[in-house]
Amino acid sequence: MAPPAIAARSDDAPATASVARPMNWIAILLGFLTAVGPVSTDIYLPAFPALEASLHAQAGSAEMTLAIWFVGLAIGQITMGPLSDRFGRRMPMLVGTLIYTLASVGCALAGDIWTFSSFRLLASLGASASLVIPSACVRDISYGNEAARLMSRLVLVMGVVPVLAPTIGGFVLSFTTWRSIFWASAAYGLVCTVLVARVLPETLPERERSILSPLALATRYVMLARDRGFITNAMIAGFGCFMSFTYLSAAPSVFIHLFGFTPAGFGMLFGVFAVCMIGASQINGVLVGRIDAGRILGMSVGTAVLGTVGMLVVSVVMAFAIRGGTTPHGLELVPLVLTMMVALGTTGIIGPNAAVGAMADHPRLAGSAAAFIGTLQYVLGAIAGAFVGMLPRTTPVPMAGVMLLGAIIMLVMVLLRPARPAAGEAEAEAHMAGEAAGAPPMVH
């Protein structure tokens, strides 16, 4: 038996090294499964007016169904994570994708807004598995820099899909009704269910699974919340989402109503910002092998602060111009767009590195840790949307100010993070600890 100190350090190693499949192949599969959440979030946005008209619902009802979707994702993530730690990754994922598929059929057949909302809530509970479990799978089969690379590929999917989904939904609506969108969602869910049942490997062996009970569940989340390494990184990931949701909530009013963008023009601008986030996430995948992931995270948060400070300065200048009767347009908006590109682009780097840092010391609670992070992100995102909604939008200052608030809190969390060895050193220590404890060597 290994000495107690070494045995304790063996938790740094992945929970299992039995998955001997190419990492690129695993990343593609997990990315396809992860896309269920963002696809279902954005694909029906162009259908809001048609949905309300078809179901004879009052104005604003479609937005309410989106809020219900986010509530279900938050609830589902906090439960799916522990379930995946207890029963393995495949079974909860299989049940979740099946529930999502059947609930999407219910949405397609709904005859009123309340029925639709009920099935939408059920679908979100099922889809939450695809937001939690792929991240836990990454932690099961990799560590440190390799985990950050795989997480960056999942972030790529999370960035590309929200850009494409509304376009796909609008294209479908040009030929048929909004119900076809949910039939397509059901078909996608069915494909995911088959892939999970037939292709997805089990990455968490039975010897590594944890016992599930209400008391154990509460204790687990309290333990995670009290761990400074976990909570500081989780807060960084959460407030990165806070920044993004602030932009999503405020930008339509700022650019369409204030600056006079057409919906198509705003869609192109939305795509530019998304490309920045996607590009940043891929740059991160290249850098993590050369620079420690923790250092990259700190530099990215610092860049986010600089970008949001720039946004606020530009916004204040624009506010004075607007009060003077001159609304900026055309090239006058370039400084605002450029500073937003810097601020939002960093979220593509912050997200994966913060998630990896949060889960690094909790391999056997990876599902619960991923669920905690995901729920925190959606809760902070909802708070950001509510906060921005209470502020005036006659200038871009509220949007820039709230985004700066999120960036400053991230910077504080970076400063509060406990010091830890560089990723390469930690991997070497975990490898030796695993061998000393009789564990199989890590697979990368």
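Does Phe-182 count as buried or exposed, and at what relative accessibility? In this predicted model, Phe-182 has a relative accessibility of 3% and therefore counts as buried, where buried denotes under 20% relative accessible area, exposed over 50% and partly exposed the range in between, computed with a 1.4 Å probe on protein chains only. Phe-116, at 0% relative accessibility, is likewise counted as buried.

Residues are numbered from 1 along each chain as its sequence is written. Local features need pLDDT of at least 70 and side-chain atom pairs pLDDT 80 or more, whereas totals for chains, interfaces and linings use all residues, and side-chain values rest on heavy atoms, with hydrogens and water left out.

The structure contains 9 aromatic pairs, a pair being rings of Phe, Tyr or Trp (its six-membered ring) with centres within 6.5 Å, classed as stacked when the planes are under 30 degrees apart, edge-to-face when over 60 and tilted otherwise. One of them is the edge-to-face pair of Phe-116 and Phe-182, with 5.2 Å from centre to centre and 85° between the planes. Because Phe-116 belongs to helix 7 (residues 113-141) and Phe-182 to helix 9 (residues 179-198), this pair ties together parts that are 66 residues apart in sequence; helices are DSSP runs of H or I with at least four residues, numbered from the N terminus. Together with Trp-178, Phe-116 and Phe-182 form one aromatic cluster.

Tyr-247 and Phe-273 have ring centres 5.4 Å apart and planes at 85°, so their pair is edge-to-face. Tyr-247 in helix 11 (residues 228-258) and Phe-273 in helix 12 (residues 263-287) are 26 residues apart, and both are buried.

Notes
Helices (H or I, at least four residues) and strands (E, at least two) are DSSP runs, numbered from the N terminus.
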